[in-house]
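This report covers selected strands, a helix and a loop residue. The sequence and structure come first.

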Amino acid sequence: MPVEITWWGHATCTVADSDVRVLTDPLFARRLAHLRRRRGALPPPGAWRADVALVSHLHADHLHVPSLARLPEGTRLLVPRGAPRAVPGLRRLTRLRVTEVEPGDVTRVGALRVRAVPARHDGRRLPVGRHHSPALGYVIEGEARTYFAGDTGLFDEMAEEVGPVDVALLPVGGWGPYLGEGHLDAGRAAEALARLGPRSAVPVHYGTYWPIGMDAVRPHEFHAPGDEFVRLAAERAPDVAVHRLGHGESVRLGVAA
């Protein structure tokens, strides 16, 4: 099978393709500021191993310096251009091989091509960030073409900018009861599937972290997005096979010629 996807929670996935391990937006924390991990065990140390790690944007639940510090020495790390200036902690990760990228850049890792693509999302390091970096998605091209969307809203050029893909890892929710601009909920993610037309999809970025003290506030917003995405994807993109994974679960996907 050409590609194996493991979802560790939130936006953190391992994509194994062509004997290369790619880790997306590593987040290995039990607690992050006002957020607490409410579902799924923390990823085990084996999840920290990767040939390359991808950071989609500067928000702390996607660019988490303490989690990046756990990556093995020599791991390649792709970050949005300008990220080390905006996040000084990145400059202390001298054990990693950090490369800044922007939309259109292609990085070769073993047999893979990793292509940075645009996303529609706030690129600042919040809450007081004044330095901007582009929010990115990535297309991992090996035996399969796997799109990791990071955080993004829908945009008109999505299909053109991302290009044909076989697998889409799409955010379908968030870490609170409300989603702002630049996010996909289950419905918008299903629309993204209809535009992109992959063979397979895995919903991510839901059902992991929730604000402390808000367990009883709109709890369905925490639990429901994965199932809602499965339902809506069947209506709007019926040819796409959707795999709703539990935390730590994997799926192996073959890609037809």
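## Helix H6

Helix H6 (residues 225-236) has 12 residues, and 16 Å separate its first C-alpha from its last, close to the 16 Å expected at 1.5 Å a residue; the expected span is 1.5 Å times one less than the number of residues. Helices (H or I, at least four residues) and strands (E, at least two) are DSSP runs, numbered from the N terminus.

Pro225, Gly226, Phe229, Leu232 and Ala233 of H6 are buried, where buried means under 20% relative accessible area, exposed over 50% and partly exposed in between (1.4 Å probe, protein chains only). These residues lie on the same side of H6 because they cover an arc of only 130° around the axis, the arc being that of the directions from the helix axis to the C-beta atoms. The partners against which the buried residues of H6 pack include strand E13 (167-171) and helix H4 (186-196), with contact meaning heavy atoms within 4.5 Å.

## Basis of the model

The model is predicted: local features need pLDDT of at least 70, side-chain atom pairs count only at pLDDT 80 or more, and totals for chains, interfaces and linings use all residues. Residues are numbered from 1 along each chain as its sequence is written, and side-chain values use heavy atoms, leaving out hydrogens and water.

## Strand E7

In strand E7 (residues 76-80), five of five residues are buried. Strand E6 (residues 52-54) pairs with E7 in the parallel sense over three bridges; two strands pair if DSSP finds at least two bridges between them. Ala53 has Leu77 of E7 as its bridge partner.

E7 also runs parallel to strand E8 (residues 97-101), joined by five bridges. Here Arg76 is partnered by Arg97 in E8.

## Arg92

Arg92 sits in the loop between helix H2 (83-86) and E8. Arg92 is exposed, at 64% relative accessible area. Its C-alpha is 9.0 Å from that of Ala69, 23 residues apart along the chain.
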